[in-house]
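Hi there,

Here is the structure I promised to pass on to you.

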Amino acid sequence: NNTVYAKIFESETYQLGRFSFDKEGEYDVILTSQNGCDSLVHLVLGVYKVFIPNALSPNGDGFNDVFTIFSGNDVEEVLNLEVYDRWGNRVYRQGGLPANDLQAGWDGTYRGKPASLGVYTWKATIIFDDGKE
């Protein structure tokens with residue numbers, strides 16, 4: 001009889017033996033070894049609570065003025081956040097950002113001037129409360 005604690009991202013699945021789980025919850029699973037022995041496993045499955053906006057409008061109205069990482073209590077730290085323009089040029093890089101801080105993140109500027117309208121990509125390295133990166 002074992003208890004397993006695990007977390008996944010939305011749209012991911014957690015595999016335990018021949019069973020797959022994709023929703024947060026608690027599950028009891030009976031696994032059978034190659035020798036025919038049964039084991040009862042209690043799975044406590046959580047889902048990382050992370051939201052990353054897909055739009056930025058840095059016009060000072062208080063809505064989507066800064067591009068940053070939002071989360072529940074799952075995120076310990078945003079180790080690194082980078083933003084790139086459509087040609088692959090890095091327009092923003094910052095480390096050690098706290099999650100959910102409306103003042104911390106990319107404000108839509110590049111070299112002190114408003115960045116051009118367009119499509120940007122981002123890359124983040126995040127440390128979660130369970131130590132995973």
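**What turned up: the sheet and the pockets**

An open sheet is built from 3 strands in the order 1-5-4, with mixed pairing. Strands here are DSSP runs (E, at least two residues) numbered from the N terminus, and two of them pair if DSSP finds at least two bridges between them. The edge strands, each pairing on one side only, are strand 1 (2-8) and strand 4 (25-32). From one strand to the next the twist averages 30 degrees, with axes fitted as lines to C-alpha atoms and angles running from 0 to 180 degrees between N-to-C directions. Strand 1 pairs with strand 5 (residues 38-47) in the parallel sense over 7 bridges; V4 has L43 in strand 5 as its bridge partner.

Please keep in mind that this is a predicted model: local features need pLDDT of at least 70, side-chain atom pairs count only at pLDDT 80 or more, and totals for chains, interfaces and linings use all residues. Residues are numbered from 1 along each chain as its sequence is written, and side-chain values use heavy atoms, leaving out hydrogens and water.

Now the pockets (on a 1 Å grid over the protein atoms alone, open sets of points where a 1.4 Å probe fits, with protein on both sides within 12 Å along at least five of seven lines; lining residues have an atom within 4 Å of a point). Of its 20 lining residues, A55, L56, W106, G118 and Y120 are the closest to its centre.

Best wishes

Key
Helix = DSSP H or I, 4+ residues; strand = E, 2+ residues; numbered from the N terminus.
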